[in-house]
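Hello,

Here is the structure we talked about handing over. Please open it first; my notes follow below.

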Amino acid sequence: MTTTSANFAANLESIVGASRVLTDPASCAPYAVDEKIPAAVAKPANAEEVAELIRFAALEKLAVIPCGNRTKLGIGMPPSRYNIALDITTLNRIAHYDPGDLTLGVDAGMPLAKLNAALFEHNQFLPLLVPWYSRSTIGGTIASGIDSPLRQFYGTTRDFLIGAEFADGTGKLCKSGGRVVKNVSGYDLHKLLIGSLGTLAIITRLNFRTFPSPLASRGFVASFPNAEGAVTLRRVITESPLTPLTLDIVSPELAQLFATRAPATPEVAVFAGENQALASKSLPPIGNWIRSNEWQLCAAFAGTPEVLARYERDLMRFAANSNATSTNVLDDTTRPTLWGRLRETLSMLIEFSPASLIFKISILPSHHAAVFASLRKVAADASLPHAFVARASSTIYFALLLAASDEDTSARLSPCIAQIFDFSSASGGRASLLFAPASIKRGTTVWGSPGSDLALMRRLKSAFDPQNVFSPGRFVGGI
Amino acid sequence: MNPGIVDELEKLLGSSSVLYQPEDTLLYEFDGSVEKGRPDIVVFPESTEKVSEIVKLAAKYNVPIVGRGAGTGLSGGALARTGGVMIVFARMNRILELDAENQRAVVQPGVVNYELTRAAEPHGLYFAPDPSSWKSCTIGGNVAENAGGPHTLAYGVTTNHVTALELVLPDGEIVRVGSKDGHTLGYDLTGLFVGSEGTLALISEITVKLSRKPEAVKTLLAIFDTVDDAADTVVDITARAITPSACEMLDGWTLRTVEDYIHAGFPMDSAAVLLIEVEGLTEAASEQVSAITEVCNAHHAREVRVASDNAERDLLWKGRKNAFGALGRMAPSNYVLDGVIPRSKLPQALRRIQQIGEQSGFPIGNIFHAGDGNLHPIILYDPRDAAQFERAREAAAHIIRYCVEVGGALTGEHGVGMEKSELMPLLFSDADFDLMRRIHDAFNPDSSLNPGKIFPLNKGCGEIRVRKHVGAIAVHL
């Protein structure tokens with residue numbers, strides 16, 4: 001350790017105590033972001049300590065990257081500077097929960113699975129079935145902007161995050177929104193924190209509206225020999241009075257992966273009726289009901305027995321009209337095996353092929369069939385295996401599956417990345433490279449070409465973080 | 001008057017699109033709130049480019065600008081607090097695109113809320129935010145204030161339905177934020193600008209989500225002999241996790257006034273009614289009707305009626321949505337408040353409001369979005385009696401303070417505007433204001449856009465720098 005870093009470690013210790021500061025390289029290594037290892041890790045115990053750490057970092061011109069359980073730190077560009085990892089997992093209490101009002105305030109470091117376990121006691125939950133579910137913190141879920149298959153019905157976090165408390169780049173504790181479900185007092189700054197990758201503020205607390213957890217639910221899977229069948233059925237469903245909780249199209253290659261593998265993370269019972277005993281085990285194999293060489297349209301739905309019967313009846317009829325090769329209704333025993341995999345798609349892809357490139361492509365559903373074809377062509381031209389899911393009629397997660405990256409594959413990948421960015425924007429959508437090895441990221445930009453709103457984003461960044469303390473270089477346009 | 005700016009505006013827009021005579025600008029002195037603020041000049045652009053040119057001219061003459069839709073706002077958001085140029089979007093009222101397959105519409109800010117729903121209806125779609133003024137208010141105004149309405153209980157407020165905006169910045173630059181599909185690469189600027197009350201940029205085009213009309217809609221009228229029973233029913237519906245699409249309360253005083261005028265069928269001798277709507281699949285709606293009826297009965301409802309047809313349903317809603325008009329028959333003016341409380345605190349909040357009314361000598365009626373804890377107490381007063389108006393304001397501030405004390409908010413859907421700028425410190429600290437100020441200044445550094453809104457005028461930190469009026473036109477202030 002250099003003299004300077006020894007000094008600054010002493011300063012960190014004076015703020016949070018010696019037991020909450022790590023400085024030896026081996027302890028700091030797990031906090032690496034794109035292979036860059038911080039000189040120190042600080043674990044503040046409360047919001048005031050967070051603010052004091054930021055004031056110190058601003059004074060010393062040090063760069064800080066906040067983290068929870070570090071499952072999604074790979075999102076974004078490699079940081080241009082990185083001195084201190086701010087581990088917020090010690091901030092992990094439920095601050096207030098009013099089940100009668102369906103509102104909740106929770107510290108940012110609270111694990112999502114633990115939070116939902118507390119809510120389930122009141123038959124409520126946060127509809128965030130995100131990847132790395134059993135490890136993710138609520139703060140990391142918000143800051144990474146990661147989404148969940150349930151967004152089809154419940155919307156994204158922007159629709160149910162009702163307030164936040166955070167430290168800005170000057171080390172002051174600020175808040176926006178509040179604790180009630182309807183509120184237009186002041187600017188909605190908490191929405192800006194969603195997906196901001198820790199570049200605007202350090203989130204210390206988040207307020208949500210909670211939702212009644214679905215009492216009885218079923219899954220539905222229809223298989224098709226081609227993408228068009230699945231896309232057509234999806235359109236029929238969205239134009240019908242049915243409002244499924246999830247609606248995903250799974251490519252044949254992903255179905256194959258689902259059929260042969262299970263996510264590494266332990267399974268967590270999410271809905272009422274699911275086997276709680278499964279909670280700490282890994283997911284059982286998927287049943288032979290999935291036609292793994294075909295396209296799958298997967299939907300989940302919930303309600304009373306009459307409502308469930310209506311869904312089954314309508315979905316079966318729609319699927320028959322769309323020439324599905326097989327259809328299956330999944331109950332509480334079979335459904336989790338597929339929905340656990342749908343939730344964990346991103347973590348499974350990375351476990352399966354650690355050097356994978358995973359793109360997030362947001363595009364209107366009317367363009368999906370064409371985009372599917374373009375994506376497959378890109379992969380075929382580069383002779384690369386691929387897999388993808390199109391989620392909630394909106395976002396496509398597309399993976400080029402690579403076991404390892406070397407110079408040769410890097411060279412092959414550059415044109416693929418450019419093509420995907422190009423045809424996404426040509427269809428009015430936007431693509432970003434969500435996960436990729438650091439070596440690939442250094443040679444490209446994961447954000448594609450910036451939009452005309454980049455200048456406004458820079459102004460916002462300066463307003464929140466005038467000295468550029470937070471996560472420098474990771475965000476859009478080098479923010 | 002500095003003749004330069006009027007001449008240049010007339011040259012840009014034509015003389016029929018520029019008003020500056022006091023008798024003309026007087027009409028733009030009010031909105032739906034109790035505030036006042038007269039613009040010096042009112043202009044009616046027909047395109048984004050013209051809006052940009054107007055903004056550049058205003059900058060050249062160092063004159064503030066305020067945007068305005070239909071002027072139905074309830075917090076003074078669309079009033080010219082410090083005079084200047086008011087841009088009225090009434091002539092930018094075209095639906096530019098209606099994409100039924102992707103459930104999106106692109107509209108100009110002057111499109112009337114209800115007109116969009118009418119245009120979408122043939123496709124089985126509608127625009128979900130439905131403020132009471134939906135037949136006259138504009139989508140631009142809805143976006144500026146992040147407007148709500150009865151059905152936001154299940155479907156969310158305006159911000160949940162906006163995916164992209166075209167903005168005109170104070171220097172005239174035109175910028176697009178967000179995207180049609182709704183995903184943002186980078187910060188959620190759309191989420192910041194919606195509800196920023198015209199203090200960061202002018203909104204010149206809006207992309208919204210359209211929602212699919214439900215298969216079944218059931219409207220219930222639950223009649224109660226005490227306000228407490230009605231309030232307890234709402235608490236219990238929420239606690240049992242039943243999610244109606246709307247859950248509105250009218251207390252006895254209000255419903256009698258409304259019934260006299262609308263004849264919606266509200267029983268004149270009841271203490272409160274709940275107007276509850278459920279939507280969805282036929283099977284789900286009937287199940288919810290039984291569940292809600294059960295809760296109402298458990299709390300001693302005198303009767304629960306289910307509207308038998310659309311005509312009956314429309315009449316019930318007419319009673320709700322035109323209530324404020326009906327109240328106009330009772331007093332020269334009414335002051336509609338807007339506060340939010342945690343829903344579990346509804347019964348005590350209604351008792352406290354009644355107490356405040358008694359103490360301040362005003363009968364206070366309540367007609368509001370009970371399901372999301374969004375209170376709208378109504379104070380009847382005579383604006384010609386200055387002392388009475390002051391007392392009404394004091395009673396209002398009292399109620400809003402109470403909302404904040406029990407963990408609620410200053411405003412649920414009307415906005416801060418001029419009305420509540422001085423109450424903002426109840427919720428926000430100096431550090432909060434510092435940050436909001438820096439964000440304000442990042443987009444609107446000279447406070448040329450809608451000055452004197454949201455931020456308290458007396459807040460130290462280089463607060464809204466109110467600009468001077470244009471020469472002689474300033475006389476009226």
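This is a predicted model: local features need pLDDT of at least 70, side-chain atom pairs count only at pLDDT 80 or more; totals for chains, interfaces and linings use all residues.

Asp248(A) has its bridge partner in β17(A): Arg391(A).

β17(A) and β18(A) make a hairpin, with 3 residues between the strands. Look at Ala392(A) in the turn: its phi is positive, about 50°.

Is β17(A) mostly covered or mostly open? Mostly covered: the strand spans residues 386–391 of chain A, and 6 of its 6 residues are buried. Both faces are involved. His386(A), Phe388(A) and Ala390(A) point to one side, and all are buried. Ala387(A), Val389(A) and Arg391(A) point to the other, and they are buried as well. Arg391(A), then, is a buried residue and the bridge partner of Asp248(A).

Now the overall layout. Chain A is assigned four domains: domain 1 (3–89), domain 2 (94–212), domain 3 (217–345) and domain 4 (353–441). The C-alpha centres of domain 2 and domain 4 of chain A lie 29 Å apart. Each of these two domains of chain A gives 4 residues to their contact. On the domain 2 side of chain A, the residues facing domain 4 are 1 nonpolar, 1 polar and 2 charged.

Best wishes

Notes: Residues are numbered from 1 along each chain as its sequence is written. Chains are lettered from A and ligands numbered from 1 in the order in which they are written. Domain bounds come from an automatic or database domain assignment. Two residues are in contact if their C-beta atoms, placed from the backbone, lie within 7 Å. Ala, Val, Leu, Ile, Met, Phe, Trp, Tyr, Cys and Pro count as nonpolar, Asp, Glu, Lys and Arg as charged, and the others, Gly among them, as polar. A residue is buried if 20 or more other C-beta atoms lie within 10 Å of its own, exposed if 12 or fewer, and partly exposed in between; C-beta atoms are placed from the backbone. Helices (H or I, at least four residues) and strands (E, at least two) are DSSP runs, numbered from the N terminus. Two strands pair if DSSP finds at least two bridges between them.
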